Amino acid sequence: MKRISLAFLAALLIGAAPARPSEDLLAADRIRGHVEFLASDILEGRDTGSHGHLIAANYVASEFRKLGLKPGGANGSYFLDVPFRRATLANPPAISMTINGRTTKLVVGKDAAVRPNVTRREIALNVPLVFVGHGVRDARLGIDDYSGLDVRGKIVVALADSVPGVPSEISAHLRSMQVETAGAQGAIGLIEINDAVTAISQVQRFGSRPVVDWIDAGGRTSRGGAAQALVALSSEWTERLFERAPRQLKAIRADVAAGKKVRGFQLPATLSIAATSNWQDFTSPEVLAVLPGSDPQLAREHVVLMGHLDHLGLYPDAKPGQDAIYNGALDNAAGVATMIEAARDFVASGKPPRRSVLFIANTGEEYGLLGAGYFASHPTIPAQQIVGLVDLDMPLLLYDFTDVVAFGADHSTTGRAVAAAGSSMHIGLSPDPMPQETLFVRSDHYPFVQAGVPAVFLMTGQANGGAQAWQKFLAETYHTVKDDLAQPIRWQAGAKFAELNYRIARNMADADQRPLWYAGDYFGETYAPSQPKAQRKPVR
């Protein structure tokens with residue numbers, strides 16, 4: 001793949017990013033200080049809702065206050081407390097399957113499992129099953145896997161495979177919406193059809209792991225729709241569902257592999273479930289601060305820089321003397337530290353931005369983008385005033401990066417702001433090196449995309465040793481106790497990443513035109529249909 005022409009893209013952006021006020025040789029040391037505190041053992045991995053995360057949140061708020069940023073949270077504070085609920089199964093559920101009139105009790109943890117539920121303590125169901133293909137319904141794409149099917153009050157069975165003929169990011173989005181889509185059609189439960197390895201993993205962990213979600217005063221959660229019963233089945237029992245069905249699963253999978261459309265049908269099966277969940281309610285704060293804009297016409301609009309503050313907490317099965325702390329130095333103490341430094345650059349410039357800039361340290365990212373999702377659903381400023389966003393998640397500060405990847409850059413003009421800022425620092429903007437991972441839908445910016453906000457997720461790139469560094473980190477360190485301060489972190493790379501993000505946010509905040517979705521882009525047309533759109537420009 002050819003690299004994007006930065007000079008061309010930079011020329012498209014109105015107004016150049018102002019230079020950083022001065023070359024601050026202490027920036028690297030300040031970032032190091034933030035990371036050393038946030039990733040210290042004393043914070044015990046900053047798990048959502050933990051005392052360590054609360055200390056970290058207060059630390060970030062104090063840094064915002066020292067910079068003179070205004071509180072952006074609830075009730076004039078720097079915080080928005082997210083109401084969470086942790087659900088666990090009170091005892092092993094009872095699950096049985098009836099196929100062609102013959103009922104079999106399933107072995108929980110081997111044959112099947114059901115997830116704990118955050119909205120219903122008691123689940124008692126005996127309902128038919130319906131196969132719904134990929135479980136996708138999207139008028140824009142002309143896809144309706146529910147056409148001709150009555151799933152009201154039933155559990156749907158859906159393929160977890162990518163949707164044939166649909167770009168990877170859009171396919172990942174559609175699959176992430178399976179529960180909501182099923183619920184919109186009246187279904188009360190969902191069973192995913194996975195490969196054998198994934199099926200075994202889900203059956204083993206569905207019942208043993210708690211479910212954490214936000215739940216607001218109205219009982220809404222991030223998981224709507226058919227979330228009453230989310231069930232995992234072993235590959236053996238999934239195959240049995242289709243043995244006397246209109247089509248067997250092997251033939252269906254062959255059609256999917258050939259890119260053919262798969263149609264749904266009623267299955268000759270009924271599933272019975274009886275389960276009880278225990279609940280633990282707690283809160284964990286988002287940290288929010290605002291640098292007010294100076295332009296009378298534009299100051300109501302907000303550009304967002306954000307990164308998640310939480311990490312994985314403590315390893316519960318650690319043996320005596322074994323490291324049990326998921327410090328999360330690069331994931332994502334480094335992202336939060338560079339965000340704080342970018343905020344400092346704004347203040348030190350002595351020139352307020354035209355638009356306001358909102359800084360957010362999110363909670364609950366590791367549980368499924370929950371803090372960001374709660375704020376996107378319950379914003380402390382009018383949602384329509386958030387006009388563009390950059391998400392800083394896990395910058396890999398282990399090499400002298402010379403390029404960045406902005407996941408989502410090809411969906412909106414936010415990518416042009418990244419390219420222009422990078423060009424001013426001789427940093428390249430490279431295309432997504434791993435589109436199969438669909439990272440655009442997997443970090444905290446994504447709930448804002450679903451609220452109609454043009455956004456990108458920024459990471460250090462693959463050039464100048466980056467590919468090797470990323471490969472090694474993901475294979476050996478990511479989401480392990482090794483992501484700590486013993487790594488050979490290059491603090492000057494952190495200073496460079498912070499300056500880049502300052503310039504990106506400055507470009508978006510000072511430009512005459514707010515960031516725009518591209519005309520015809522799936523996400524822009526789906527989530528912001530009434531917003532003005534920009535025309536895509538040819539890349540040279």
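**Close-up views of a predicted model**

The chain has a mean pLDDT of 92, and 95% of its residues reach 70 or more; pLDDT is the predictor's confidence in each residue, from 0 to 100. Over residues 1-22 the pLDDT is below 50. Beyond near neighbours in sequence, this stretch has 54 contacts in the model (contact: heavy atoms within 4.5 Å). This is a predicted model, in which local features need pLDDT of at least 70, side-chain atom pairs count only at pLDDT 80 or more, and totals for chains, interfaces and linings use all residues. Residues are numbered from 1 along each chain as its sequence is written, and side-chain values use heavy atoms, without hydrogens and water.

**View A. Strand 6 pairs with strand 13 and with strand 9.** Strands are DSSP runs of E, at least two residues, and helices are runs of H or I, at least four, numbered from the N terminus. Pairing requires at least two DSSP bridges. Strand 6 (residues 122-131) runs antiparallel to strand 13 (residues 265-291) over nine bridges. Ala124 faces Ala274 in strand 13. With strand 9 (residues 155-159), the pairing is parallel, over three bridges. Here Phe131 stands opposite Val157.

**View B. Helix 3 packs on helix 9.** Residues 51-66 form helix 3, and residues 329-349 form helix 9. Their axes lie 10 Å apart at about 15°. The two helices are therefore roughly parallel (angle under 35 degrees). Val60, Glu63 and Phe64 of helix 3 meet Val336, Met339 and Ile340 of helix 9.

**View C. Helix 4 has buried residues.** Buried means under 20% relative accessible area (1.4 Å probe, protein chains only). In helix 4 (residues 168-176), these are Glu169, Ile170, Ser171, Ala172, His173 and Leu174. They pack against strand 7 (137-138), helix 5 (178-184), helix 12 (446-449) and helix 15 (522-527).

How values were computed
Buried < 20%, exposed > 50% of the residue type's maximum accessible area, 1.4 Å probe, protein only. Axes fitted to C-alpha atoms, helices over the stretch in contact; angles between N-to-C directions. Parallel < 35°, antiparallel > 145°, perpendicular 65-115°, else oblique.
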